[in-house]
Amino acid sequence: PMDLSNLSTEIDLATTLDRLCGDSALLLEILDLFLDEFATEQTHLLGRVHVGDYAGLASKAHYFKGVAQNLGLLKFLPEVQLLEQAAKQNDSSSCFQALNSLHEIACRILAIRKNMQAA
């Protein structure tokens, strides 16, 4: 099987692989789709804060929270929960802060993935 140990700082591998019946290729496939989707969505998420569309932001955050839970994303999940809370409280500075953290975490996971493919 593929060595996923590089991802262990970001993903609860045991639980997530258990959920996916040990299919590491599937885990990577879902992870890559998620990273793609989040990268695409990120500008829109920031835009929603700028225009004050907190309901739309909360609903998107809730969606990404579900995906993050399924993937066992250890660092992404708590931040996206903070984003959802901040959006529900119409707290723009906390929204920006959480989005900034999520961006950094996503970039870090992406960098780990690129290294894995280069190996």
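Biologist: Which residues have the most contacts inside the largest nonpolar core?

Modeller: In this predicted model, the largest nonpolar core has 38 residues, and those with the most contacts inside it are Leu7, Leu31, Phe34, Leu73 and Phe76. Two or more residues each are given to this core by helix H1 (13-19), helix H2 (24-51), helix H3 (54-71), helix H4 (76-88) and helix H5 (92-118). H5 supplies the largest share, 9 residues.

Biologist: What is Phe76 in contact with, leaving aside its neighbours within four places in sequence?

Modeller: Phe76 is in contact with Phe34, Phe38, Phe64, Ala68, Leu102 and Ile105.

Biologist: How do the axes of H3 and H4 cross?

Modeller: An angle over 145 degrees counts as roughly antiparallel. The axes of H3 and H4 come within 8 Å and cross at roughly 160 degrees, so H3 is roughly antiparallel to H4. The crossing of H3 past H4 is left-handed.

Biologist: Which residues of H3 and H4 meet?

Modeller: Among them, H3 contributes Tyr54, Leu57, Ala61, Phe64 and Ala68, while H4 contributes residues including Phe76, Leu77, Val80, Leu83 and Ala87.

Biologist: Is Cys95 buried or exposed?

Modeller: Residues under 20% relative accessible area count as buried; Cys95, at 0% relative accessibility, is therefore buried. Cys107, with a relative accessible area of 37%, is partly exposed.

Key:
Residues are numbered from 1 along each chain as its sequence is written. This is a predicted model: local features need pLDDT of at least 70, side-chain atom pairs count only at pLDDT 80 or more; totals for chains, interfaces and linings use all residues. Side-chain values use heavy atoms; hydrogens and water are left out. Buried means under 20% relative accessible area, exposed over 50%, partly exposed in between (1.4 Å probe, protein chains only). A nonpolar core is a set of buried Ala, Val, Leu, Ile, Met, Phe, Trp, Tyr and Cys residues joined through side-chain atoms within 4.5 Å. Helices (H or I, at least four residues) and strands (E, at least two) are DSSP runs, numbered from the N terminus. Contact means heavy atoms within 4.5 Å. Axes are lines fitted to C-alpha atoms, for helices over the stretch in contact, and angles run from 0 to 180 degrees between N-to-C directions. Angles under 35 degrees count as roughly parallel, over 145 as roughly antiparallel, 65 to 115 as roughly perpendicular and the rest as oblique. A crossing is left-handed if the near helix is turned anticlockwise from the far one by less than a right angle, and right-handed if clockwise.
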